[in-house]
Amino acid sequence: MLKASSRALVAFVSVDNMMRLVHHIGIATFIADLARNITEDFAKWDQFDKTPRVGSHSDVGVIELMPTSDGVLYGFKYVNGHPKNMGEGLQTVTAFGVLSDVYSGYPLLLTEMTLLTALRTAAMTAVATKHLAAPGATTMAMIGNGAQSEFQCLAVKAVCGISHVRLYDLDPAATAKCARNLDGLGLHVTQCASPEEAIEGAQVITTATADKDMQTILTDNMVGAGVHINAIGGDCPGKTELHRDIVARAHIFVEYPPQTRIEGEIQQMPADHPVTELWQVITGQTQGRRSAAEVTLFDGVGFAIEDFSALRYVDDRIKDTPYYVDLDLIADPDDPRDLFGMLKRAR
Ligand SMILES: NC(=O)c1ccc[n+]([C@@H]2O[C@H](COP(=O)([O-])OP(=O)(O)OC[C@H]3O[C@@H](n4cnc5c(N)ncnc54)[C@H](O)[C@@H]3O)[C@@H](O)[C@H]2O)c1
């Protein structure tokens, strides 16, 4: 007799359980583990299905789907970006995601990804910084002190050994919030009153601002020789953070060029502007930083493989823990052909 499969029950990780899982593992360890998973997945780049994410744009924001597969597992994330939300007491970015078994097509995991996106974005920045920043970098300027910022600071501490962060936001209350949250977590934190003050002595600059517009968070004269920039807030058509002159003189590294050319800082440049794919640096196929004086730019927009890395990490780590529940998500009659009979008998 045919039996309903245990696969009909899908592991579900709520926001509450995600927070418990992160604390169970430790925030820094969690981010460092995600950085390791991202590095592993970028190293097998050729095995993944790749497509620019599918965005549905409105005047106030974007809702996107981000799918990928390595042939064994399939993952996708639903994510939005609404810069005006913060002023209405809502998150700019929210997300959830699914991991599935390619062989059966059955989902394995449904999880919150708002927190997980912040953690994986920070881990991605740390991977880029580790490969591209000048050796021995100790200080990062963090411009934009919203929801992503503390995660960004902790990631470069955990993965790259950054010990000092210099914070700046248009809104001093955001900077004060970020400094308060970082208190006691082992970083020297300086609150700054201008972007110029924030970048003083910083070998790494990370921008994570939110505006549905072409912003100029950094101008060319602000960026000195040898600096590494992570520009992660410019991640949509018409939404950038850096003056074009910085982009023009930087050695640019990207996740997936077809997506970054639409969404990243390089949307300001001609379609054939040279970029280096980060996975090639990670695998040693291409050089990263070429000299101590070079300005390197990670034009990070967030790519589906990073979410895949995070999804498979969560799927792996929840096993044998109380940090998930089984969801009755998949209709799975004993006789696979008797879907109607299952419905009829349920009356
Ligand atoms: N690349 C990625 O993978 C990725 C992932 C997640 C989020 N993001 C992007 O990162 C950005 C930040 O996300 P968030 O969730 O922290 O948003 P948020 O709304 O919580 O915070 C953004 C902060 O930027 C500040 N800001 C706006 N303009 C500024 C300016 N000119 N100078 C200094 N500060 C300024 C705001 O005051 C706010 O505190 C968003 O644009 C988001 O879309 C990118």
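I call a residue buried under 20% relative accessible area, exposed over 50% and partly exposed in between, using a 1.4 Å probe and protein chains only. The model is predicted, so I kept local features only at pLDDT of at least 70 and side-chain atom pairs only at pLDDT 80 or more, while totals for chains, interfaces and linings use all residues. Residues are numbered from 1 along each chain as its sequence is written, and side-chain values use heavy atoms, with hydrogens and water left out.

Entry: the antiparallel strands.
I took helices (H or I, at least four residues) and strands (E, at least two) as DSSP runs numbered from the N terminus, and I counted two strands as paired if DSSP finds at least two bridges between them. Strand β3 (residues 62-69) pairs with strand β4 (residues 73-81) in the antiparallel sense over 8 bridges, and the bridge partner of Thr-68 is Gly-75 in β4. The two strands form a hairpin with 3 residues between them, and in its turn Gly-71 has a positive phi of about 95°. On to the next partner: β4 is also joined by 7 bridges to strand β5 (residues 95-101), again running antiparallel, and there Phe-76 stands opposite Val-98.

Entry: aromatic rings.
I paired rings of Phe, Tyr and Trp (its six-membered ring) if their centres lie within 6.5 Å, with planes under 30 degrees apart counted as stacked, over 60 as edge-to-face and the rest as tilted. My search of the whole structure found 7 aromatic pairs. In one of them, Tyr-78 and Phe-96 have ring centres 5.1 Å apart and planes at 20°, so the pair is stacked. This pair links distant parts of the chain, Tyr-78 lying in β4 and Phe-96 in β5, 18 residues apart. Tyr-78 is partly exposed at a relative accessible area of 27%, and Phe-96 is partly exposed at 36%. I also noted one aromatic cluster, formed by Phe-42, Trp-45, Tyr-256, Trp-279 and Phe-303.

Which order do the 8 strands of the open sheet take? I read it as β9-β8-β7-β10-β12-β16-β14-β15, with parallel pairing. At the edges stand β9 (188-191) and β15 (276-277), each with a single partner strand, so one side of each is left without a neighbour in the sheet. Strand β14 (residues 251-254) pairs with β15 in the parallel sense over 2 bridges, and Phe-253 stands opposite Thr-276 in β15. Taking contact as heavy atoms within 4.5 Å, I found that α3 packs on the sheet and touches β10 (204-207), β12 (228-231), β14 and β16 (296-299), its direction making about 160° with that of β12. Helix α4 (residues 149-160) packs on the sheet too, touching β7 (139-143), β8 (164-168) and β10, and its direction makes about 165° with that of β7. For these angles, axes are lines fitted to C-alpha atoms, for helices over the stretch in contact, and angles run from 0 to 180 degrees between N-to-C directions. Of the 19 residues of α3, 15 are buried.

Entry: cysteines.
With a disulfide taken as a pair of cysteine sulfur atoms within 2.5 Å, the structure holds 0 disulfides.
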